[in-house]
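I opened the model today to look up confidence, helix packing and salt bridges. My notes follow the order in which I checked them.

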Amino acid sequence: MRIGERGGVIGSFARIAAPLFGRLFPELPRDHPVVGSMFMNFSANLLELDNAATPIGLNVMKELQALNPRKDTASNSMIMFMAINASGLTLIPITILMYRAQLGAANPADVFIPILLAMLTSTLVAVTLVALRQRIDLRNRALLLPLLGILVFIGAMVFLFRSLDRQLLSTYATAASNILLVGIIAGFLVTGIRKKINVYEAFIDGAKEGFTTAVKIIPYLIAILVGIGVFRASGAMDLVIDAVRCGVALLGADTEWVGALPTLLMKPLSGSGARGMMIDAMTHYGPDSLVGRLSCIAQGSTDTTFYVIALYFGSVGVKKIRYMLSYSLLADLAGMVAAVLLAYAFFG
């Protein structure tokens with residue numbers, strides 16, 4: 001990223017994203033490099049390149065904090081960025097499809113469309129809630145046209161998944177993501193060389209900053225992971241699940257979906273924990289059962305809200321996150337409800 005900034009690549013991305021991001025992030029200066037970094041972060045998340053998205057996202061928070069007049073309080077731009085991040089923005093859930101294939105699902109990619117729709121629900125709810133709170137007009141053409149483009153792209157993806165061999169398409173998608181990641185790195189290096197900057201020194205400068213950030217976030221990571229571990233080990237999750245099952249039964253509704261509740265509850269807390277719950281559900285109930293499929297949809301419908309908030313805000317020392325958590329949890333709830341409804345609609 002440091003090479004990309006000095007070579008002008010991030011600035012180019014900022015100019016591309018300026019019309020859309022200028023509406024969603026009205027506080028940011030026009031063509032500021034952080035806009036390009038946001039563009040890269042969202043792109044990496046869409047392609048499920050977590051190892052690339054996280055360090056870029058931490059860099060975005062650092063740049064936003066530099067523009068933040070109140071260093072202990074989250075700015076509007078931070079909240080909008082985090083709301084989009086925590087909503088689980090992913091186009092092709094390669095990891096979920098891989099686990100389904102490994103566990104013997106008849107059609108590993110049959111959950112792709114429900115995951116996409118549940119994720120879109122969560123993201124739209126998150127953006128809408130934050131935009132309304134920040135009084136951002138969502139009826140602007142600069143916002144509606146990209147949304148239309150996203151819907152068209154999703155329609156094209158749905159068509160491809162319905163018409164092509166699922167295993168072949170999954171292989172191509174994985175290969176395309178890897179090639180794109182390597183291509184971005186190579187492109188940054190080539191651009192830096194063409195601009196005649198010292199790419200090695202730029203890389204070292206970025207690595208030093210990254211190491212400093214990594215050390216700074218360790219206490220926040222320990223705190224959130226210990227809290228999650230206590231919640232699971234104490235039996236509190238089992239009590240919640242039993243209470244929900246009883247409540248659903250008293251209402252006379254179908255309780256089959258409650259078997260996927262551990263994944264639904266764990267997802268906002270821990271990505272690895274939710275992944276373990278998803279695999280356990282597919283192993284116990286079967287990958288092609290309603291519970292197994294619902295667990296996969298829940299895993300892909302949103303992101304690890306508490307973990308992301310602790311990691312990103314902790315990296316810049318922001319303690320007052322305002323309405324960030326409540327709005328993100330509402331978006332998570334919307335994604336979870338959509339996941340249950342879509343599971344019944346597609347597989348019930």
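**Confidence**

I noted at the start that this is a predicted model. I looked up the chain average and found a pLDDT of 84. I also noted that 91% of the residues score at least 70. Then I went through the elements. Helix α8, residues 141-163, has the lowest mean pLDDT, at 73. Helix α5, residues 76-86, has the highest, at 93. I keep a reminder here: where pLDDT is low, the predicted coordinates should not be read in detail.

**α2 and α3**

I turned to helix α2 (residues 9-24) and helix α3 (residues 33-46). Their axes come within 7 Å and cross at roughly 85°. An angle from 65 to 115 degrees counts as roughly perpendicular, so α2 is roughly perpendicular to α3. From α2 I listed I10, F13, A14, A17 and F21 in the contact. From α3, the partners include P33, V35, M38, F39 and F42. I sorted the contact residues by class and got 11 nonpolar, 2 polar and no charged.

**α3 and α5**

Next I followed α3 to α5. The two axes come within 11 Å and cross at roughly 15°. That makes α3 roughly parallel to α5. I recorded the crossing of α3 past α5 as left-handed. On the α3 side I found M38, N41, F42 and N45. They meet F81, I84 and N85 in α5. This contact of α3 with α5 has 4 nonpolar, 3 polar and no charged residues.

**α6 and α13**

I then checked helix α6 (residues 94-102) against helix α13 (residues 271-285). Their axes come within 11 Å, with a crossing angle of roughly 30°. α6 is therefore roughly parallel to α13. Here the crossing is right-handed. α6 contributes T95, I96, Y99 and R100 to the contact. α13 contributes R275, M278, I279 and M282. By class I have 5 nonpolar, 1 polar and 2 charged residues in the contact of α6 with α13.

**Salt bridges**

How many salt bridges are there? I got a count of 8. I wrote one of them out: D72 with K320, where the closest N and O atoms are 3.6 Å apart. I placed D72 in the loop between α4 (50-67) and α5. K320 sits in the loop between α15 (305-316) and α16 (324-347). The pair therefore ties together parts that are 248 residues apart in sequence.

Conventions:
Residues numbered from 1 in each chain as written. Predicted model: local features only at pLDDT ≥ 70, side-chain atom pairs only at ≥ 80, totals over all residues. Heavy atoms only, no water. pLDDT = per-residue confidence, 0-100. Helix = DSSP H or I, 4+ residues; strand = E, 2+ residues; numbered from the N terminus. Axes fitted to C-alpha atoms, helices over the stretch in contact; angles between N-to-C directions. Parallel < 35°, antiparallel > 145°, perpendicular 65-115°, else oblique. Left-handed = near helix turned anticlockwise from the far one by under 90°. Contact = heavy atoms within 4.5 Å. Nonpolar A, V, L, I, M, F, W, Y, C, P; charged D, E, K, R; others polar. Salt bridge = Lys/Arg side-chain N within 4 Å of Asp/Glu carboxyl O.
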